[in-house]
Amino acid sequence: MRILIVGSGGREHALAWKLSQSPLVDKLYIAPGNGGTAALGENIPIHDDDLPGLTTFAKDNAIDMVVIGPELPLVLGLKEALAHSGIPCFGPNAFAAQLEGSKAFAKTVMRESGVPTAPFRVFDDAKDARLHIAERSMPCVVKADGLAAGKGVVVCSSREEALEAIDEMMVKQVFGKAGERVVIEDALRGEEASFLAFCDGKTIVCMPSSQDHKAVGEGDTGPNTGGMGAYSPAPILPPEDYEMMTDLVIRPIVRHMAAKDNPFVGVLYAGIMFTENGPQVLEYNVRFGDPECQPLLTRLDSDLAEIMTACIEGRLHEIDIRWKAETAICVVMAADGYPRSYPKGMEISGFAEAETVEGVTVFQAGTRPEDGRILASGGRVLGVTALGADLAQAQKRAYEGIEKIHFDKSYFRRDIGDKGLRRMK
Ligand code: ATP
């Protein structure tokens with residue numbers, strides 16, 4: 001099988017790493033890829049939003065399956081573009097991808113299908129949004145409807161903050177078209193976890209729970225990032241609750257999409273907050289999370305190419321998906337300054353040494369190969385991932401791995417996994 005993976009992050013390195021282990025896979029291409037994927041297949045310099053470029057490449061190179069890592073190409077309709085040329089694709093179509101591409105769409109689908117979520121209203125007019133703020137209680141959350149790279153959500157404790165967020169999004173249009181419409185919802189309190197599932201349009205197979213760390217600073221302080229680390233399983237969502245959670249937050253959405261003649265094929269990701277009134281869905285993503293993908297695929301004991309093919313062909317019920325009983329953790333090494341401005345071009349060393357630590361795999365994210373060296377080229381540079389008998393052992397191994405890696409101006413959180421350890425105590 002010839003596979004094209006679209007994307008360039010740690011998630012795509014993990015996808016390439018796992019797919020390269022499959023006896024079904026003959027050749028891997030990654031567009032545009034990174035320093036890590038270059039060692040597992042061929043990097044192709046086509047960006048993830050270049051739909052004609054990706055489609056032409058897939059056609060010309062007899063690609064059997066395209067695996068789409070990030071949300072943007074899914075929302076733009078890459079699946080449909082590929083389908084015109086008869087190329088199968090792992091990921092939902094543009095209609096179903098609105099679950100991530102439009103918060104108003106996702107919230108409406110949740111309401112219609114009975115998924116627990118914060119009460120909300122949708123506004124297309126800044127004046128109406130301001131009136132609503134004057135009338136409602138605080139705190140609240142103001143969300144830009146469209147994709148805003150994780151920056152389009154403002155949790156507001158006062159009316160002033162909420163009015164400012166509305167002004168930024170709807171009047172100053174700092175997120176462009178993504179902020180023309182906003183969702184305003186109640187602020188929830190609780191701990192967050194991620195729950196992902198493979199879907200073939202009808203059959204659902206959930207993955208073990210996981211937990212991301214979005215804030216840049218230790219103790220969940222500072223601005224939000226793409227994610228500074230993740231582990232699986234998340235003690236807050238134990239295996240005995242997976243079936244209940246699938247019925248609560250995944251099955252209603254898959255049924256809804258099937259009823260709309262847009263069956264959901266791919267990975268459906270529910271971001272859940274565990275509140276005192278039970279679990280509430282904050283958001284859906286329509287692909288693997290980054291960095292949740294790294295610990296999840298490290299734990300996956302089955303053939304990913306086989307699972308993805310079965311999803312595309314509507315045969316997921318035939319597949320037995322097994323997971324390692326161990327815990328996996330991924331600690332992100334970033335360039336200091338991320339998520340704001342950060343340096344690039346630093347040489348990275350110590351990959352092989354880090355992987356001498358038992359259970360450790362280093363996934364690359366913002367890196368590029370140059371003359372046999374690996375250079376930092378993005379904010380999140382690496383994801384040092386470790387398996388261990390339990391969370392404490394996995395955490396110890398990941399940080400031992402990190403000690404062996406060097407690049408100037410590196411930054412990482414030292415408390416990834418601590419929340420889970422506290423809960424287990
Ligand atoms: P990303 O794409 O980075 O995952 P996003 O832009 O799609 O994020 P959400 O996931 O909806 O946005 O929200 C981002 C974060 O904001 C959540 O992880 C959560 O911490 C916080 N948040 C969102 N909705 C609420 C809410 N109703 N109450 C409290 N916090 C919230």
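1. Domain layout. The protein chain of this predicted model is divided into domain 1 (2-91), domain 2 (119-186) and domain 3 (191-424); the bounds come from an automatic or database domain assignment. Between the C-alpha centres of domain 2 and domain 3 the distance is 29 Å.

2. Basis of the values. Because this is a predicted model, local features need pLDDT of at least 70 and side-chain atom pairs count only at pLDDT 80 or more, while totals for chains, interfaces and linings use all residues. Residues are numbered from 1 along each chain as its sequence is written, and side-chain values use heavy atoms, with hydrogens and water left out.

3. Position of the ligand. Domain 2 (119-186) and domain 3 (191-424) both contribute residues to the shell around the ligand, so the ligand lies between them. There are 14 residues around the ligand, of which Glu-185, Leu-188, Glu-192, Lys-214 and Glu-283 come nearest; a residue is near a molecule or strand if one of its heavy atoms lies within 4 Å of it. By residue class, the shell holds six nonpolar, one polar and seven charged residues. In this scheme Ala, Val, Leu, Ile, Met, Phe, Trp, Tyr, Cys and Pro count as nonpolar, Asp, Glu, Lys and Arg as charged, and the others, Gly among them, as polar.

4. Lys-143 places a polar side-chain atom 3.0 Å from a nitrogen atom of the ligand. A polar backbone atom of Leu-188 is 2.8 Å from a nitrogen atom of the ligand. Lys-214 has a polar side-chain atom 2.8 Å from an oxygen atom of the ligand. Taken alone, the ligand exposes 610 Å², and the protein buries 88% of that; accessible areas come from the Shrake-Rupley method with a 1.4 Å probe, and for residues only the protein chains shown count as cover. The elements that give two or more residues to the shell are strand E7 (140-144), strand E8 (153-156), strand E9 (182-186) and strand E17 (278-285). Helices (H or I, at least four residues) and strands (E, at least two) are DSSP runs, numbered from the N terminus.

5. Strand E17. Gln-280 lies in strand E17 and is buried at 12% relative accessibility, where buried means under 20% relative accessible area, exposed over 50%, and partly exposed in between (1.4 Å probe, protein chains only). The side chain of Gln-280 reaches the backbone nitrogen of Thr-117 at 3.2 Å. Glu-283 also lies in strand E17, but counts as partly exposed at 25% relative accessibility. From Glu-283 to Ala-162 the separation is 121 residues in sequence and 20 Å in space, C-alpha to C-alpha.

6. Cysteines. A search of the whole structure finds zero disulfides, a disulfide being a pair of cysteine sulfur atoms within 2.5 Å. Cys-140 is in no disulfide, and the nearest cysteine sulfur, that of Cys-156, is 4.8 Å away. That distance is too far for a bond. Cys-140 is buried at 0% relative accessibility, and Cys-156 is buried at 1%.

7. Cis peptide bonds. Ala-31 and Pro-32 are joined by a cis peptide bond with omega of about -5°; Pro-32 belongs to strand E2 (residues 27-32). The bond from Met-138 to Pro-139 is also cis, with omega near 0°. Pro-139 sits in the loop between helix H7 (126-135) and E7.

8. Positive phi angles. Gln-173, although not a glycine, has a positive phi of about 50°. This residue lies in the loop between helix H8 (159-171) and E9, and Gln-173 is partly exposed at 36% relative accessible area. Asp-220 is likewise not a glycine and has a positive phi of about 55°. Asp-220 is in the loop between strand E13 (215-217) and strand E14 (221-224), and is partly exposed at 37% relative accessibility.

9. Further buried positions. Gln-364 lies in strand E20 (residues 360-364) and is buried, with a relative accessible area of 8%. The side chains of Gln-364 and Thr-367 make a polar contact at 2.8 Å. Thr-55, in helix H2 (residues 51-60), is buried at 9%.

Methods
A polar contact is a pair of N or O atoms within 3.5 Å; within protein, one must be able to donate a hydrogen and the other to accept it, and residues adjacent in sequence count only if both atoms are side-chain atoms.
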